[in-house]
Amino acid sequence: MVPETLTDTAAGEAAAVHGDDHHQPRGILRWLLTTNHKEIGTLYMLLSLLMFFVGGTMALIVRAELFQPGMTFVVPEFFNQMTTMHGLIMVFGAIMPAFVGLANWLIPVQIGAPDMALPRLNNFSFWLLPVAFTILLSTLFMEGGGPNFGWTFYAPLSTTYAPPSTSFFILGMHLAGISSILGAINIIATILNLRTPKMRLMDMPLFVWTWLITAFLLIAVMPVLAGVITMMLLDINFGTSFFNAAGGGDPVLFQHLFWFFGHPEVYIMILPAFGIISAIVPTFARKRLFGYASMVYATASIALLSFVVWAHHMFTVGLPLTAQLFFMYSTMLIAVPTGVKVFNWIATLFRGSITFDLPMLFALAFIVQFTIGGLSGVMLAIAPADFQYHDTYFVVAHFHYVLVPGAVFAILAAAYYWLPKWTGVYPNVKLGQAHFWLSVIGVNLTFFPMHFSGLAGMPRRIPDYALQFADFNMLSSIGGFLFGISQLLFVAVVILCIRRKGEKAPPQAWEGAEGLEWQLPSPAPLHTFDTPPEFIPERDSPSRH
Amino acid sequence: MHSLLLGSRWLLVLLGFLTTQAQAAAINTSSGWNMPTGVTGISQDIYSLHMIIFWICVAIALVVFGVMFWSLFVYRKSKGAKSAHFHENTTVEVIWTAIPLLILVAMAVPATGTLKQIYDSTEADMDILVTGYQWRWHYEYMEEDISFFSNLGTPQSQVLGEEDKGDFYLLEVDKPLVVPVGKKIRFLFTSNDVIHAWWVPDLAIKKDTVPGFINESWVVIDEPGTYRGQCAELCGQNHAFMPIEVKAVSQETYATWLEEQREMAAAEAQGSQREWALDELIERGEGVYTTYCAACHQEDGSGMPPAFPALRGNPLVTGEEGYSKHIETVLYGRSGTSMPAYSDTLSVADIAAVITYERNAWGNDSGDRVQPTEISELLSDD
């Protein structure tokens, strides 16, 4: 269905202009061998959508079991496999690839580059992912079952006490990690080398800026993840004792290494979302983004701080008092640059000329819901209070607010915003609005009650619970199914766009949109900016005076 | 009429909701949707800290969302709003960086004080070593030479819905931790296998139990009562089924309880010396089996192959030649599988009883009788 758009019109036009792509392979080989950033971007996003439904189905199995107290639907062992796989698939298979897909599609057209700097590497980074997730998912069918130790896979539960399939899990994670590192290298190389003449770093759209910073985070922490899973592999198969106390190892070392990767990883999943929101809000407020420079500095500060806060995930592990204080203070500091971002968006809305088109609806919901997640984050940073919050549903509520009503809503906003550029038609407004309202109701009904069940004392990752948590869990389960099923509307919207059913979009698809991508025809031809576009900072830069 | 009916149904649902919340309040000092105030000085400090920060966050949210929704309402294009052209303002930006910073400092000050108090576990009156096991807790009174396991008290039939769930479903144990009120108790935490976390909300203690390491915490309980909690760190399939029950009693009651425990230990030691009848062993063994074995091998011995083999009709459990291998498996576990070693966990009488039970239950009918003395001999040979 996707090729239709690109071959029929886009590639056709490109061929007419350049006459150089008639030797392209057709059918499946075209997608296997493609080095085109738009096609690879599309592949990333389609994989992400598929994984979103796979991981979502797992979440619904979890919610079905938790609908009522008692073991009613699955056995505890399988429940643990579902919570674990849900987390891994959503983090590494749905959210990260969605952002990489957006980066592939948008960075070249936003900086006036003909393609990514390293197109073949780009192809390789993508195709590693389906292999990685096939391996990861196949563990569910192996003897002893798949990973059952949570997406944070704390040793020694994930080493000495893990199912035999754990080595396959490690292989899958290695492949996904390599894919991320290569993708990040490519993004940095593209941004630093292929900007159109006269476009300085401080002239780049914020989505490009946030991805540049995210890419450096990826390069910094993915090797740490690779290191820690390799140590696990050695503990499991080669008799080492990195994390085995009986052999002189340290289980807490695992957590330090994991969260040194894991905390920046959290920002990897939210910084590009900041970039998306910073593109959409000014468009539909018809007013330039407030505080462009402070947005860039705030993003960089968040990224730097993310390296010195990791042990706030470990407040109950038995850290010394001084470490506890350090990590409490550093974590609280993150609220400052994050607050600056939210204030900037609101200042952009202030005295604007606002319309509520589909991308704007999702962007506004993002701002509110992400802020809720941010505020519960401040509460969690307070170490003494965290003794009560830690490992409860309060934490589950917090990080889901940042990731689902946060990051996922930003990705959906991006899809609604750039679909006209990708496919040439506007998303169906009625379907999109239904999708939006059902999603907002569903997602809040799912995750808001979790704050209460957590505060009242419900630990996370349990398949069965005491009776006082029953009402909140029932609400969460109803919300979860509502949110999950509503996402089928999004699929319908995307299919309609791909089939070009709907209102045709002009090059400048949104009245107030700024950026080089809106100079391109809609849909954007397969090859764009073969010659660099004209860019006059005084006229085109988002930081112009 | 129809809508009236519907209305009254919703009212019933609401009433039901409120009553369950009221019941919930009876289980701990939580209102059912907020953090419990708890029964120690620290727990009350943490609760106030939580509420202060919560209200600060609510205030921030109200201001931020207020300005946001006001802007969305007033500056609609459909109402003819024309956009302004400003896009930066250094003064405003400095202000909204500085104010949050000040608010954070205001939060950090009381938090630091409470944290320092939590970390001061010196000058304790008594020490209790808490050891996490998959999936039960072990308590050792360091000064008293008393130690025991504390297992889930809720029967499997309630979990599977064959029986109505009790008030303390999944929050009750067979043998609670008994402590005196008004004494400073230092807890030491470690684990026998994976990482667990010992959490009792009313005491505001949540501490990971890490194999090979010892963590510390402390508590002075002001009010007598039963305080319930759960394991808070994912520790395998029965993570949800290893609750904590702490009974805080007056110092006199505590002294009596200690005396009872010593007498029971003496009786147990005597029991392991004598000859046991088959019925006696089977009766005791059934209880041990339900607590320690049934989670994996199932109540009816059918297991959950391949991870957890069936014991019913298993040649190791029924046949002559399996006899010593069976005992060895229970004592030392099976490396490379989830079968743990029970030689340190269970008393010799329990081990003898559970093996006897397994060899005679569910039609295994071997008639074998394993005596506690036999197990003692095997263990002393090592």
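A: Let us begin with a definition: buried means under 20% relative accessible area, exposed means over 50%, and partly exposed lies in between (1.4 Å probe, protein chains only). This is a predicted model, where local features need pLDDT of at least 70 and side-chain atom pairs count only at pLDDT 80 or more, while totals for chains, interfaces and linings use all residues. Residues are numbered from 1 along each chain as its sequence is written, chains are lettered from A and ligands numbered from 1 in the order in which they are written, and side-chain values use heavy atoms, leaving out hydrogens and water.

A salt bridge is a side-chain nitrogen of Lys or Arg within 4 Å of a carboxyl oxygen of Asp or Glu. Over all chains, the whole structure holds 16 salt bridges.

In chain B, B:Arg262 pairs with B:Glu144 at 2.7 Å, N to O. This pair links distant parts of the chain, 118 residues apart: B:Arg262 sits in helix 5 (residues 251–271), and B:Glu144 in the loop between strand 2 (136–141) and strand 3 (146–150). Here helices (H or I, at least four residues) and strands (E, at least two) are DSSP runs, numbered from the N terminus. B:Arg262 counts as partly exposed because its relative accessibility is 37%, and B:Glu144 is partly exposed too, at 25%.

In chain A, A:Asp203 and A:Arg200 form a salt bridge of 2.8 Å, N to O. A:Asp203 is buried at 1%, whereas A:Arg200 is partly exposed at 48%.

Finally, a network of salt bridges links A:Arg286, A:Glu511 and B:Lys77.
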